[in-house]
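Welcome, and thanks for taking a look. Let us walk through this structure together, one place at a time.

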Amino acid sequence: MKSLTKKYYLYILIVLSSLTFYNPFGIIQPQYGKLLFYSICMISLIYAYKNGINIRKVKYPKVAYIILISGIIFSSFMALFFHEQSFMTSFIAIIPYLLGYLVFYILIKFNLPKEKIEKAIWTFCFIGMAIYIINMLTFPNITFGETKDEYDTSRGILRLNIFSLELIVLLFFYSINQWMITKKKKYIWLIFLTAVFIVLSVTRQYILLSSILGVCFILKKASLSKKIITLVLCFFVYFEVLPQIPMYRTMVELSEEQAERNKTEKEDIRITAWKFYTYEYQKNKFTAIFGNGVPSIGNSEWGDEFQKTIYFEYGGNGCFTSDVGWAGFYWNYGLFATIGLISLLLKAIFYRKQKNEEYLTYWCIFIFITSITSGPIIISKQIISIMTVLYIIFRNRINGMITK
């Protein structure tokens, strides 16, 4: 029991350190935040190796996972061979992402109960919501997280960071799942609450995709008459209700302006970034297969050159990997690592689940698709969320059980 408690607290510390412990009043400097995260992850890895379960006979997507981890590590050699960035510098550059993906290994070794993991996830969701409200009330003084020089108001409301937003989306799907099973009113309130915070994020792809998947989830086993009624209601809301909301009108106008600008001036920056990372900025055929590694900005000539390229050759808009997750991941770690990650996510999507776990499928689809135009698979704190959900999905196999 004591060992299980230690493992659980170590997992909690991993997540908190990836969020820099919410950095109250900005007291934790970035370098110290990284040190805390690295230290806690390394302690957890050592503890998992020494005190975790034997996973040699555990059934989970081992090949895909090994290919993923090996591809990330090998990309450091590619940065050395083809970009003249020293191996040590290159390896240090991949550490936050590598540690994020190694959380899956840590959780497998820890073999934590699903219920404890879910309890932790929902706690992080409510903390993230509470922090958003606090930051909004104290703005322009940001109580938790980093303070920015400028804040985006182009989408109708002030755009503030919402901690654990991807997990709030998970709670949204979970609430739908539980409401469909139990019909308890508290889950309707949870659906509404999580939907509000997804909207408050003003992240258009999150709002659109979670809405579409949420409706599909609800209609999955509904009768034909209920499907028709729901679709009619959705059309009514879309054409009659939403246009009356100022924030919605502002976001639509912004999208239309961007679409018009793409026609008259140049293509969308994300299309440019996809071309840039998939083939235009590849050094040779070897980097296209094994990756380029991660440029260490400020610590190598290649890193500084990379920074200038993405900032100044694209009109100051920036051509960031976080805007094109799959393309950025492919450029960093290569074809094999990308295939490994795609395989893991697809296996998670199609793995048979119990009725109360169907929400996990919809969230994995959500992550898979949003990674086309955002960066959950290349941002360490979101990688940890992904690995946590994959652990929940495959835990039945880890314990030698097949879900019926």
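## A proline to start with

P61 counts as buried, at 8% relative accessibility; buried means under 20% relative accessible area, exposed over 50%, and partly exposed in between, with a 1.4 Å probe and protein chains only. P61 is found in the loop between α2 and α3 (62-83). The C-alpha atoms of P61 and K347 are separated by 7.8 Å, although the two are 286 residues apart along the chain. Not counting residues up to four places away in sequence, P61 touches L344, K347 and F394, where contact means heavy atoms within 4.5 Å.

## What you are looking at

This is a predicted model, in which local features need pLDDT of at least 70 and side-chain atom pairs count only at pLDDT 80 or more, while totals for chains, interfaces and linings use all residues. Residues are numbered from 1 along each chain as its sequence is written, and side-chain values use heavy atoms, with hydrogens and water left out.

The secondary structure of the protein comes to 16 helices and zero strands. Helices (H or I, at least four residues) and strands (E, at least two) are DSSP runs, numbered from the N terminus. Of the 404 residues in the protein, 48% are buried. Among contacts in the protein with a separation of 6 or more, 77% are between residues 24 or more positions apart.

## Two partners of helix α15

Two packed helices are described by the angle between their axes and the distance between the axes. Here, axes are lines fitted to C-alpha atoms, for helices over the stretch in contact, and angles run from 0 to 180 degrees between N-to-C directions. Helix α8 (residues 204-219) packs against helix α15 (residues 358-370) at an angle of about 150°, with the axes 10 Å apart. That makes α8 roughly antiparallel to α15; angles under 35 degrees count as roughly parallel, over 145 as roughly antiparallel, 65 to 115 as roughly perpendicular and the rest as oblique. The crossing of α8 and α15 is right-handed: a crossing is left-handed if the near helix is turned anticlockwise from the far one by less than a right angle, and right-handed if clockwise. From α8, the contact uses Y206, L209, S210, L213, C216 and F217, and from α15 it uses E358, Y359, Y362, I365, F366, I369 and T370. By class, the contact of α8 with α15 has 10 nonpolar, two polar and one charged residues. In this grouping, Ala, Val, Leu, Ile, Met, Phe, Trp, Tyr, Cys and Pro count as nonpolar, Asp, Glu, Lys and Arg as charged, and the others, Gly among them, as polar.

How do α14 and α15 cross? The axes of helix α14 (residues 325-350) and α15 come within 11 Å and cross at roughly 165°. These two helices, α14 and α15, are therefore roughly antiparallel to each other, and their crossing is left-handed. The contact is made by W326, I342, L345, L346, A348 and I349 of α14, together with T361, C364, I365 and F368 of α15. The residues of the contact of α14 with α15 divide into nine nonpolar, one polar and no charged.

## The nonpolar cores

In soluble globular proteins, nonpolar side chains tend to be buried together. A nonpolar core is a set of buried Ala, Val, Leu, Ile, Met, Phe, Trp, Tyr and Cys residues joined through side-chain atoms within 4.5 Å. Which residues touch the most other members of the largest nonpolar core? Of its 102 residues, they are Y101, F173, W363 and L390. Helix α4 (residues 87-110) gives the largest share of this core, 13 residues.

Leaving aside neighbours within four places in sequence, L390 is in contact with F104, L344, L345, A348 and C364. A second, separate core of 12 residues includes A273, F306, A327 and W331.

## Stops along the loops

Apart from neighbours within four places in sequence, S371 is in contact with V324, G325, W326, P376 and I377.

F25 lies in the loop between α1 (2-18) and α2 (30-51) and has a positive phi of about 60° although it is not a glycine. F25 is exposed, with a relative accessible area of 66%. K183, in the loop between α6 and α7 (185-200), is another residue other than glycine with a positive phi, near 65°. K183 counts as exposed, at 52% relative accessibility. Finally, the peptide bond from F139 to P140 is cis, with omega near 10°, and P140 lies in the loop between α5 (114-138) and α6 (165-182).
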